[in-house]
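Colleague: Could you walk me through this model? I would like to go from the overall fold down to single residues.

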Amino acid sequence: LPSALSAVVVLFDETSREVTKAAVGFVRVCVAAMEPSRLEPLLPDVVGGLMKYGRGKGRFRAKIKIVLKRLARTFGYDKIASLVPESDARLVTHMRKLAERAERRRAAGRADGADGGRTVFDDMMESDEED
C-alpha cells in the first residue's frame with residue numbers, strides 16, 4: 001500500500017476532476033487502512049498534495065477535511081499544521097479548535113454521568129462523511 005500511495009502522490013498535479021476524485025478517495029482509504037509507522041514517511045507529500053485541491057473545488061473540500069481530521073487524530077494537529085502551507089494554516093487551527101470544543105463537551109457530558117451508550121457505529125452514522 002505505501003508504494004501505491006507514493007504512485008498516487010504523483011497524480012496530485014493532475015487538473016482533471018476525475019483523477020482528483022480518485023486520488024482523494026484513494027488517499028482517504030490509505031489513511032484509514034495503513035499503520036501510522038508506514039504512513040509517516042509519506043505524510044509531507046500526502047498533506048502537500050491534498051492542500052493543492054483545497055481552493056476552488058468545493059466538492060472535494062469536505063473530503064479533504066475528513067482526511068486531514070483523521071491524520072490529525074493519528075499524528076496530532078501540531079505535526080499536520082507544520083506540513084500545511086502557511087496560507088491554509090487557519091484551516092488546521094479551526095479544525096483543532098472544533099476538536100477541542102467537542103472533547104470538552106464530551107468530558108462535560110461524562111462528568112454529569114450521561115454517557116448515552118455511544119458506540120463506534122453511532123459515531124460513524126453521525127459523521128460528516130459522504131461514503
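Modeller: Gladly, and here is a term to begin with: contact means heavy atoms within 4.5 Å. This is a predicted model, where local features need pLDDT of at least 70 and side-chain atom pairs count only at pLDDT 80 or more, while totals for chains, interfaces and linings use all residues. Residues are numbered from 1 along each chain as its sequence is written, and side-chain values use heavy atoms, with hydrogens and water left out.

Colleague: Thanks! How many helices and how many strands does the protein chain have?

Modeller: Helices (H or I, at least four residues) and strands (E, at least two) are DSSP runs, numbered from the N terminus. Along the sequence the pattern reads α-α-α-α-α-α-α-α. The count is eight helices and zero strands.

Colleague: What percentage of the residues in the protein chain is buried?

Modeller: Buried means under 20% relative accessible area, exposed over 50% and partly exposed in between, using a 1.4 Å probe and protein chains only. The protein chain has 131 residues, and the buried share is 29%.

Colleague: Why are the buried residues of H1 on the same side?

Modeller: Helix H1 spans residues 2-10, and its buried residues are Pro2, Leu5, Val8 and Val9. On the other side of H1, Ser3 and Val10 are exposed.

Colleague: Are H1 and H2 roughly parallel or antiparallel to each other?

Modeller: Their axes are 10 Å apart and the packing angle is about 150 degrees. Axes are lines fitted to C-alpha atoms, for helices over the stretch in contact, and angles run from 0 to 180 degrees between N-to-C directions. Angles under 35 degrees count as roughly parallel, over 145 as roughly antiparallel, 65 to 115 as roughly perpendicular and the rest as oblique. H1 and H2 are therefore roughly antiparallel.

Colleague: Which backbone oxygen does the side chain of threonine 20 reach?

Modeller: Threonine 20 belongs to helix H2 (residues 17-33), and at 0% relative accessibility threonine 20 is buried. Leaving out residues up to four places away in sequence, threonine 20 touches Glu14, Thr15, Tyr53 and Phe60. At 2.8 Å, its side chain reaches the backbone oxygen of serine 16.

Colleague: Is lysine 52 buried or partly exposed?

Modeller: Lysine 52 is in the loop between H4 and H5. Beyond its neighbours within four places in sequence, lysine 52 contacts Phe12 and Asp13. With 48% relative accessibility, lysine 52 is partly exposed.

Colleague: What separates the C-alpha atoms of isoleucine 64 and valine 47?

Modeller: Isoleucine 64 is part of helix H5 (residues 58-75). Its relative accessibility of 2% makes isoleucine 64 buried. Isoleucine 64 and valine 47 are 17 residues apart along the chain, and their C-alpha atoms are separated by 9.4 Å.

Note on methods: A polar contact is a pair of N or O atoms within 3.5 Å; within protein, one must be able to donate a hydrogen and the other to accept it, and residues adjacent in sequence count only if both atoms are side-chain atoms.
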